[in-house]
Amino acid sequence: MPRKSPAKPPKGDDFDSPWKILLDRWTQPFLAFFFPQAVADIDWSRGVEFLDKELQRVTRRAAQGRREVDKLIKVHRLGGEEAWVLVHIEIQGQKQSDFAQRMYTYHSRLSDRYQRPVASFAVLTDSHRRWHPRRYEQRLWGCRVLLDFPSVKLLDYAGREATLETDTNPFALAVRAHLAATATQRDPNARLEQKLQLTRALYRHGWEREDILSLYTFIDWILTLPEGLDVAYHQRIRELEEAEQMPYVTTAERIGIQKGIEQGVLQGIEQGIEQGIPRGEARLLRRLLARRFGSLPDWVESHLSAASAVELETWGERLLEAPSLEAVFRAR
């Protein structure tokens, strides 16, 4: 299956997904980079707790736009009156006229549900420079409701690349990658050079191997290349790693990274089907699913164990673009 040439960055949840992955891994650096006032008041020694499933139950009946919030995190304050509070984070990739109202609706529902203070933050990854919602307000006959919420526009970082290059926070590199994806929408060759530059930067900050792989995943996801340039990119990276003697990116850990490497994923599945070894291809698909989505639930294991050759092939193709496990197995 040939990879489509990038014309524009992915929209909606597809573009937001790589940010969610980084946020799960680096909650403290995320707040430190975008919302430092919050990070300084949190007791990080007590850890954080993600409440995404609970959040879906609270917000699923909301009338505005999307039916679930990106992230809800339980944290503890340093010396505050409240033992714990909630941090609600939206990663918004599209301009929506009712976005501020949705922020207010979710903030109100969460406050009512948990009876705790809620801090709502938004990171705007869209391409509309003049769209920057920060407030929702409604008035009627002397009554007034108001929510001011901090929001960050990634396009506002354009022109500050030199500062971002020296910042060791992983989200500085993520912002650079996002700006590069926006700036090279119609110039694949320029995108190749930007992607190479950002990948080289992974080796300069002294990050651990797993950190480098996570950031590589992010870069590879949002800076997609046409097939020919993608081959050239991986060849250049192999040469870099050989010179630096740091084989982090091209190890087996990179198998199927988010967008998938078609020749490694699809050909492996197709060859196994042709040879009549569906069990072997189920094992391959299981590894790729776990690499992308983490630990697999029991229902996925059941599907893989009972799968036909046609189903394995279909799921392997969906794996390249699907944003969730449910999307991979949706026909089931």
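Buried means under 20% relative accessible area, exposed means over 50%, and partly exposed is in between (1.4 Å probe, protein chains only). This is a predicted model, with local features needing pLDDT of at least 70 and side-chain atom pairs counting only at pLDDT 80 or more, while totals for chains, interfaces and linings use all residues. Residues are numbered from 1 along each chain as its sequence is written, and side-chain values use heavy atoms, with hydrogens and water left out.

Q: Is Trp 221 buried or exposed?
A: Trp 221 sits in helix α9. Its relative accessible area is 6%. Buried needs under 20%, so Trp 221 counts as buried.

Q: How many of the residues of α9 are buried?
A: Helices (H or I, at least four residues) and strands (E, at least two) are DSSP runs, numbered from the N terminus. Helix α9 spans residues 209-222, and its buried residues include Leu 213, Tyr 216, Phe 218 and Trp 221. α9 is mostly covered, and the count of buried residues is 12 of 14.

Q: What distance does α9 reach from its first C-alpha to its last?
A: The expected span of a helix is 1.5 Å times one less than its number of residues. With 14 residues, α9 has an expected 20 Å, and what the model shows is close to that: 21 Å.

Q: How far apart in space are Trp 221 and Pro 18, C-alpha to C-alpha?
A: In sequence, Trp 221 and Pro 18 are 203 residues apart. In space, C-alpha to C-alpha, the gap between them is 7.0 Å.

Q: What share of the contacts with a separation of 6 or more comes from residues 24 or more positions apart?
A: Contact means heavy atoms within 4.5 Å. Counting contacts in the protein chain with a separation of 6 or more, the share from residues 24 or more positions apart is 67%.

Q: Which element gives the largest share of the lining of the largest cavity?
A: A cavity is a set of points on a 1 Å grid over the protein atoms alone where a 1.4 Å probe fits but cannot get out, and lining residues have an atom within 4 Å of a point. Among the lining residues are Leu 164, Glu 165, Arg 176 and Trp 207. The largest share, 3 residues, comes from α7.

Q: What is phi of Trp 141?
A: Most residues other than glycine have a negative phi. Trp 141 lies in the loop between β5 (135-140) and β6 (143-148), and is exposed, with a relative accessible area of 80%. Its phi is positive, near 55°.

Notes:
On a 1 Å grid over the protein atoms alone, a cavity is a set of points where a 1.4 Å probe fits but cannot get out, and a pocket is an open set with protein on both sides within 12 Å along at least five of seven lines; lining residues have an atom within 4 Å of a point.
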